[in-house]
Protein chains: 2
Amino acid sequence: MPTPRTGTPRYRQVAEELRRRIEAGAIPAGSLLPPESALSREFGISRGTAREAIAALRSEGLVVTEHGRGTYARPAYPVRRLGANRYGTNNSHRPSDKYQVDATINEVPATQPLANMFNVEPGTMLLCRKLVLSSHRVPQQLSTSYFILETVAGTPLADPNRKPVVDNNPVHLRAIDIVVTDIREIVRARMPTPKEVKALCLPAGTPVLTVTRQIRAGNRVVEVTNDIVLPSDRSELEYEIPID
Amino acid sequence: MPTPRTGTPRYRQVAEELRRRIEAGAIPAGSLLPPESALSREFGISRGTAREAIAALRSEGLVVTEHGRGTYARPAYPVRRLGANRYGTNNSHRPSDKYQVDATINEVPATQPLANMFNVEPGTMLLCRKLVLSSHRVPQQLSTSYFILETVAGTPLADPNRKPVVDNNPVHLRAIDIVVTDIREIVRARMPTPKEVKALCLPAGTPVLTVTRQIRAGNRVVEVTNDIVLPSDRSELEYEIPID
DNA sequence: CTATACCACTTGTCTAGACGTGTTCACGAG
DNA sequence: CTCGTGAACACGTCTAGACAAGTGGTATAG
């Protein structure tokens, strides 16, 4: 029984109806949507079409689905704002207290793109630090940083047993006599890889913010972080731009 | 004939195989993947399952699908970098030449959140400017800006016939005797609404970057842009952070 | 009272087929 | 030579049904 077409596909009509119900509060945030079988009956569509309608909402980040349980109107997450002052040298508040950090450290030769970012020869040995930053057992941030090995070898930065620093690298670099003068960040967004979905417990359809960061001391690049990965549903980035 | 299960679902196995082919260059960027019917035959799966495999890759942004044509390994887009110097007062390069701008201007009373961002009473009249920035007939950026009506009424900024400025508002604000001292931006990422998908010609599964911007002159907030929307496959944001 | 087994209900995966709609290209009419 | 038209082929939408697998509660055995 092919339903007569009205131009817009049926699954999209159903998605819009569900969206209206969520936005009007008829389906409160955090509560369950009707199961697929009920939607199928209510709208006179097959289960496959009902699933497509829900998939459309999921891809907008409006709902999340759990196997065996159902589909929820998505509750607003508490957002972690990475403030404009996160690199300030007066570390009045230390975010590290609230977060748990897992680090793996090893040494690698510079690949071509990394060498470009450091302005060194490819093959130069680098120190590579991969961090996983968690809060309440939920991973909040992944990052991979590189340092010129020569400049940090033997310092606390290269010590795997040392509790690694979270954000404020300028302070810790100063501790080893590197005075950071400026930081350059490039922000992008993309869909996560399956690995990142797993590592960050991302609900399906949630994009990630990525930050590529260069930390410079004078005209020397002392650290390259080749992608800080942040779940976009739990993070935002703040910048202050002074005007001359 | 239900295929025997090996733990991971068939559509995911097919997706991984296709991913390998793309990453290995067997399917070069920009070229067509085999059509669904061919995948269905090659892997011994139904067309629905082949579609699911492709949907998985699409949701990672690895491929894009065009109705009637096929699915392409996604070519790298030319990326528009919004540089750290985009608000510089010496506008040495004028990006406006390369872009076409459509503007709609009207006057609205401040809602509560807008009033908060401006630090004024709700209901204060604002000038609202919606811009669509295009390049080569492809929309690249949407934005909605607000100004305190009183401060800009009668100035070129409020003139709908005037060719609107693209980026560099500080320069144009200075022209009406407002000296911008700093700009605060908050960057987020999310999935686009269906309207944005259409307006920005977004391939399915592409997230958008959003920037909420406050432009301040002294301690007065002179402009609030409540979301610049950028397609994440064509844009990146650059920031320079000076360290004291 | 507890632990387990089962059951009802949910989403996940998959099949086979139907018809709609957009694209492309070759072929034929003018 | 140009224009259009139609066939072939691509993806888009939808149906009906099947079984797998996760979740949570209930009834039963110990």
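The structure is a predicted model, in which local features need pLDDT of at least 70, side-chain atom pairs count only at pLDDT 80 or more, and totals for chains, interfaces and linings use all residues. Residues are numbered from 1 along each chain as its sequence is written, while chains are lettered from A and ligands numbered from 1 in the order in which they are written.

**Chain A overall**

- Chain A contains 7 helices and 10 strands, taken as DSSP runs numbered from the N terminus (helices: H or I, at least four residues; strands: E, at least two).
- Of the 244 residues in chain A, 33% are buried (20 or more other C-beta atoms, placed from the backbone, within 10 Å of the residue's own; 12 or fewer is exposed, in between is partly exposed).

**Helix 2 and helix 3 of chain A**

- The axes of helix 2 (residues 36–43) and helix 3 (residues 47–59) of chain A come within 8 Å and cross at roughly 110°; axes are lines fitted to C-alpha atoms, for helices over the stretch in contact, with angles from 0 to 180 degrees between N-to-C directions.
- Helix 2 and helix 3 of chain A are therefore roughly perpendicular, the class for angles of 65 to 115 degrees.
- In helix 2 of chain A, A:Glu36, A:Ser37, A:Leu39 and A:Ser40 meet A:Arg47, A:Ala50, A:Arg51 and A:Ala53 of helix 3 of chain A; contact requires C-beta atoms, placed from the backbone, within 7 Å.
- The residues of this contact comprise 3 nonpolar, 2 polar and 3 charged (nonpolar: Ala, Val, Leu, Ile, Met, Phe, Trp, Tyr, Cys and Pro; charged: Asp, Glu, Lys and Arg; polar: the others, Gly among them).

**Surface near DNA strand C**

- Among the 23 residues around DNA strand C, those that come nearest are B:Arg10, B:Ser46, B:Gly48, B:Thr49 and B:Gly68; a residue is near a strand if its C-beta atom, placed from the backbone, lies within 6 Å of it.
- Two or more residues each are given to this surface by helix 2 and strand 2 (70–73) of chain A and by helix 1 (10–24) and helix 3 (47–59) of chain B.

**Helix 1 and helix 3 of chain B**

- The buried residues of helix 1 of chain B include B:Tyr11, B:Val14 and B:Leu18, and its buried residues pack against helix 2 (36–43) and helix 3 of chain B.
- Just after helix 1 of chain B, B:Gly25 has a positive phi of about 90°.
- Buried residues in helix 3 of chain B include B:Ala53, B:Ile54 and B:Leu57.
- B:Gly61 follows helix 3 of chain B, with a positive phi near 80°.

Conventions:
Parallel < 35°, antiparallel > 145°, perpendicular 65-115°, else oblique. Contact = placed C-beta atoms within 7 Å.
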